[in-house]
Amino acid sequence: MKTLSGIPISSGIAIAKAFLYVESDFPEIPRYTIKKSQVELETKRFHDAVKRSALEMKRLRDRAEQEMSKNQAGIFTAHLMMLEDPFLQEEIINSIEKELMNTEWAVWNLAHNLMQTMNSSPDPVFRDRVVDITEVSKRLLDDLLSVTKISLSNIDEEVILVAHNLLPSDILTMNKTFVKGIVMDMGGGTSHTAILARAFNIPSVLGLSTATLEIAQGDILALDGSAGEVIINPEKAVLSKYQKIARANSKRQGRDLELKSLPAETLDGRRVSLKANIEIPEEVEQALKVGVEGIGLYRSEFLFLTPGKAAEEESQYEAYSSVLKAMGNLPVTIRTVDIGGDKVLPDYYSAGEKNPLLGWRAIRFSLSQPELLKTQLRAILRASPLGNVRVMFPLISGVEELEQALALLEEVKAECLGKGIAIAPGVEAGIMIEVPSAAVIADLLAEKSGFFSIGTNDLIQYTLAVDRGNEKVNYLAQPYHPGVLRLIKTAIDAAHKKGIKAAICGEMAGDLRCTALLLGLGLDEFSMSASSISRIKQVIRSVKMEDCKALAEKALNGVSSKANAGLLKSWMACYVPSLSSPD
Ligand code: PEP
Ligand code: MG
């Protein structure tokens with residue numbers, strides 16, 4: 001028996017035989033020089049391969065639309081766009097025509113370079129996009145090299161699929177009746193493969209690095225998707241423990257469904273709002289399933305991820321429209337791009353700043369490229385009649401930045417109206433409170449904001465001077481630090497004084513140890529990943545405001561993060577024992 005630990009992707013228990021699917025990942029293609037007389041033939045081969053691959057991708061997209069939704073089929077539309085991108089095609093044709101490179105190598109080389117750029121990003125989200133480039137370029141190479149793929153659709157007994165790196169199309173075409181779980185060496189939580197695994201509710205653990213080396217064909221596996229654990233050949237007692245968890249899980253799912261239609265209301269009647277954070281439109285479906293009251297944070301920079309493909313106004317408009325239509329009357333908060341810092345986008349932003357987290361990032365980046373910001377605002381406003389949209393500006397540090405952003409919004413509104421473009425009246429604009437200065441002058445910012453959403457991930461980073469991506473100082477990044485709590489309190493109080501709502505959309509909102517504390521601080525809205533909604537609602541429905549307020553008062557006066565962590569732990573054990581963790 002051996003336990004492997006990876007990234008929990010899609011919750012649930014699976015117990016089955018391992019089906020090892022080892023495909024060569026992205027083999028290097030030999031490079032050679034072609035004769036000038038071969039150029040015409042080679043470029044034709046390339047264009048024919050693109051046409052055949054595009055046909056295959058369209059088939060996959062149609063299948064995705066039938067089996068899932070238009071949103072999820074969007075992954076394949078994005079792949080198709082990448083395949084047919086004139087900029088990328090031109091690069092390949094240039095390599096063939098000018099450098100006389102063989103076609104396969106020209107394709108491989110471009111894909112390889114794009115992957116390296118994405119892989120070098122400090123942000124896992126960008127590294128996750130490598131799988132999309134792999135999918136598109138491998139399909140093209142397989143066609144050029146006439147490779148026949150092993151089909152996962154032929155699986156005909158219950159298995160846990162173990163692979164180095166599955167592509168989104170693998171998930172779509174596999175026989176999902178029999179694939180009970182997915183284990184992968186590669187992959188992060190925001191990869192499209194992970195998103196599809198969640199969409200199909202297949203318990204999955206990714207990012208295990210060596211799973212394909214440690215697991216043998218036919219090994220019995222017990223997989224815990226919530227804990228991110230895979231047990232190879234479990235002992236009898238361990239196996240029965242997992243079977244027990246599986247039974248408890250299916251009971252809990254029933255309870256979660258019951259909770260869906262109940263309000264997020266404390267025992268003494270304080271009603272708050274629970275919303276979802278999304279990165280791509282595909283996540284809306286899951287959010288609606290758990291009964292969210294809106295989208296509290298749509299991280300729009302994800303639209304800018306496809307390399308070589310600028311997020312033009314039309315593609316932005318389509319993405320925003322699809323989210324707004326799916327959400328109906330429920331509010332959708334679109335954050336203007338947060339590019340820079342740890343989110344480097346090759347097409348827009350060249351890295352190399354000394355202190356990127358203190359540098360050209362988020363609203364600073366957008367205000368220095370007003371045309372880019374105006375294009376985004378225009379796309380949002382054009383989509384606005386389709387639902388209930390709000391605009392949110394990230395990383396505001398002072399009043400001037402907010403005034404400039406609002407002026408651009410007004411300018412775009414006027415331009416739209418001047419051109420007879422229909423826009424919803426009174427689209428609200430709010431800000432993220434992520435910089436300590438913004439929390440301190442929240443009273444001034446509240447004068448000009450429609451709402452506040454506190455980005456605790458960054459607020460903690462900047463308040464405690466802790467790089468949120470540096471594991472060496474990660475122990476300092478504590479949401480319970482009294483300094484952080486006092487800033488949150490200042491921002492909430494300033495919002496209420498001005499009659500506007502205060503939300504939190506950082507990870508703290510989905511941390512059930514903080515829920516009562518945040519209620520006590522007066523928070524109106526919690527926005528988090530859809531998978532956390534039910535548990536947070538359970539806490540809210542189990543507590544009374546007077547107890548939460550007393551807890552918040554104590555924590556604000558706590559002497560340290562550690563003292564407050566202890567306080568919250570014992571509070572949970574006393575007031576919500578069913579959800580307090582033993583460790
Ligand atoms: C935050 O900083 O808390 C936040 C929600 O924004 P992001 O995580 O995208 O920086
Ligand atoms: Mg942030």
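Student: In which helix is the place of Ile245, and how is such an element defined?

Tutor: Helices are DSSP runs of H or I with at least four residues, and strands are runs of E with at least two, both numbered from the N terminus. Here Ile245 has its place in helix H10, which covers residues 236-260. The model is a predicted one, in which local features need pLDDT of at least 70 and side-chain atom pairs count only at pLDDT 80 or more, whereas totals for chains, interfaces and linings use all residues. Residues are numbered from 1 along each chain as its sequence is written, chains are lettered from A and ligands numbered from 1 in the order in which they are written, and side-chain values use heavy atoms, with hydrogens and water left out.

Student: Is Ile245 buried, partly exposed or exposed?

Tutor: Buried means under 20% relative accessible area, exposed means over 50%, and partly exposed lies in between, with a 1.4 Å probe and protein chains only. Ile245 has a relative accessible area of 27%, so it is partly exposed. Its C-alpha atom is separated by 38 Å from that of Glu301, 56 residues apart along the chain.

Student: Which residues are the closest to ligand 1?

Tutor: A residue counts as near a molecule if one of its heavy atoms lies within 4 Å of it. Ligand 1 is surrounded by 15 residues, of which the closest are Arg299, Arg335, Gly455, Asn457 and Arg468. If Asp, Glu, Lys and Arg count as charged, Ala, Val, Leu, Ile, Met, Phe, Trp, Tyr, Cys and Pro as nonpolar, and the others, Gly among them, as polar, the shell has 8 charged, 4 polar and 3 nonpolar residues.

Student: Which polar atoms lie by the oxygen atoms of ligand 1?

Tutor: A polar contact is a pair of N or O atoms within 3.5 Å. A polar side-chain atom of Arg299 lies 2.7 Å from an oxygen atom of ligand 1, while polar backbone atoms are found at 3.1 Å in Thr456 and at 2.8 Å in Asn457. Taken alone, ligand 1 exposes 290 Å², of which the protein buries 99%, the areas coming from the Shrake-Rupley method with a 1.4 Å probe. Strand E10 (295-299) and helix H18 (456-463) are the elements that give two or more residues to this shell, and H18 gives the most, with 3 residues.

Student: Why is H18 described as largely enclosed?

Tutor: Of its 8 residues, 7 are buried, so H18 is largely enclosed by the rest of the structure. Contact means heavy atoms within 4.5 Å, and what covers the buried residues of H18 includes E10, strand E14 (451-454) and helix H19 (482-497). H18 is followed by Ala465, whose phi is positive, near 55°.

Student: Which residues have the most contacts inside the largest nonpolar core?

Tutor: A nonpolar core is a set of buried Ala, Val, Leu, Ile, Met, Phe, Trp, Tyr and Cys residues joined through side-chain atoms within 4.5 Å. The largest has 95 residues, and those with the most contacts inside it are Ile295, Phe393, Phe452, Ile488, Leu521 and Phe526. H19 gives the most to this core, with 8 residues. Apart from it lies another core, of 32 residues, among them Leu80 and Met115.

Student: Where is Leu395 found, and what is its phi?

Tutor: Leu395 is found in the loop between strand E12 (388-393) and helix H15 (399-418), and its phi is positive, about 55°, although it is not a glycine. With a relative accessible area of 1%, Leu395 is buried.

Key. Polar contact = N/O pair within 3.5 Å; in protein donor to acceptor, adjacent residues only side chain to side chain.
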